[in-house]
Structures are given as C-alpha cells and as structure tokens.
Amino acid sequence: MTELLQQGSKVYCLYMIIMLLLCSTNTNAADKPESICYGTTDKGRIENAWQLSSSGANFSAYSTVGDTIGRNYVHNKVYDTVLDAYKSLQQKILEKVFVYGETGWKSGGRFLPHKSHQNGLSVDFFVPVVDTKGKSVPLPASPLNKFGYNIEFTSKGKYKEYSIDFEAIAAHLFSLKEAADKHNIKIWRVIFDNDLQKLLFKTSKGKELQALLTFSTKKSWVRHDEHYHVDFIVPCREFR
Ligand SMILES: [Zn+2]
C-alpha cells in the first residue's frame, strides 16, 4: 500500500513538472520574439520586426494609411527606445505632442522613396510645432502634402501658421538618447536641415545636445526640414 502511495505521488509530481514546463513554454510563445536585423540601413532586412503603436498619450503616427499598410515597423530595441522616450517626455513636458513618420516594412528591405530604412533601425520624426497661440499641435500631415513630407519650412522654421518647437525637439532627442542608453543601443546620427540645426543648437540645452549626438553636416539628398531622421546602432547579422 505504502509503495502504491509512493508511486502515486511520484506520478503526480511528474505530472506537475510536465504541466509547469508546458505552461512556461506557452508563456514564452505568447511573448513577441526579439528582432534580428541584417546588413545596414542602406542594404538590409529584418526578421520579427515590431510595429509601433499608432498613437499614445502624447504622440501619433503620421498617417493611418501608412500605419495600416505597415510602414511603421522597427527593431524591438528601437521600439522600446522610441516608446520609452515618449513616456518620459510625457512626465517632463506634459503639454507637448509629437508625431513620428515612416520607419520601415515588417521584413525590411527597399523602402521607397527612402534610401535607407531597410533594417528596422531608422525612424523619421516630424518636427513638433506650435500654432500662433504657442499651443503644441500635431503637424498637419495628410495625403495632400504627401503625409507631411511635402511640407516646406523656411530657414527660420515657419510654415503657414506653424512654428517649429525647437525646445521640444531638443527635449525629444535628449529623451531618445536616455532611452537608447537604457536599452543598450546607440544613436548613430541625426539627419536634420543644416539651417534649422543652427536654431536647434541655440535652444537652452542646444550646445549640450550638439556635443551628445552626431548631426548631419552635409546637405542631404532631400531637405530634412519637416522631419529629422534618426539612425540607431544595434548589432546586426551579415546581410544575406
Ligand atoms: Zn528617414
């Protein structure tokens, strides 16, 4: 009898161990797998890219169309960095709103009309703006202005009734750097119009920002006045 009881408890223990293993396997399967990037931002691809949220408390995507057809996928580490930066901005500058632009396809690769954005490590951010009353408002992106990309700012940062909020850009870039450090990734470079960069560096912490990040120095192939392009560095596998 005792032997039978012992055998019974052994079988029960074995059953519990199997159930625990099954449960832990199920939990892992429910988690999103980490991304694997290949090659470079100019020639690359990505597996298991994560799609950025279309909106949050203080941010939104540039277009619901772009969002729906999947033009806002990134590497999971970039995903965490971008969203954490918005979260920290919410605590620091509550009243400011931000709009992000295009990032890349779910599997990466050629992403017209962009030259890069191929391996989940590039993100376009539209410039935060204020209206004539100084209120922070989203840049009016629509199909009429190529989802914001056709908007042209003057060298003083003006477009119609909108003015670029350089202090908000600086705060955003500081938050991005802080979040990138937290997730052990780096910011390779920020591409932004050369004239507008000068105004960014004149903000309260502009000089500090200039020393902290690498900004484009040459004129890029398209004018980056309505958005700033950020490339991140994550170790990637060889492109194949
Ligand atoms: Zn870009």
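Reply: In this predicted model, 37% of the 240 residues of the protein chain count as buried. The chain holds six helices and 14 strands, and among its contacts with a separation of 6 or more, 74% are between residues 24 or more positions apart.

Turning to the sheets, one of them is an open sheet of six strands with mixed pairing, in which the strands follow the order 4-5-7-8-14-13. Its edges are formed by strand 4, residues 55-56, and strand 13, residues 186-191, each of which pairs on one side only. Within this sheet, strand 8 (residues 122-126) is joined to strand 14 (residues 227-233) by five bridges in the antiparallel sense, and along this pairing Phe-125 stands opposite Tyr-228 of strand 14. Helix 4, which covers residues 166-182, lies across strand 7 (98-100), strand 8, strand 13 and strand 14, and its direction makes an angle of about 155° with strand 13.

There is also an open sheet of four strands, with antiparallel pairing and the order 10-9-12-11. Because strand 10 (136-137) and strand 11 (158-159) each have a single partner strand, they stand at the edges, and one side of each is left without a neighbour in the sheet.

Note on methods
Residues numbered from 1 in each chain as written. Predicted model: local features only at pLDDT ≥ 70, side-chain atom pairs only at ≥ 80, totals over all residues. Pairing = 2+ DSSP bridges. Helix = DSSP H or I, 4+ residues; strand = E, 2+ residues; numbered from the N terminus. Contact = placed C-beta atoms within 7 Å. Axes fitted to C-alpha atoms, helices over the stretch in contact; angles between N-to-C directions. Buried ≥ 20, exposed ≤ 12 C-beta atoms within 10 Å, placed from the backbone.
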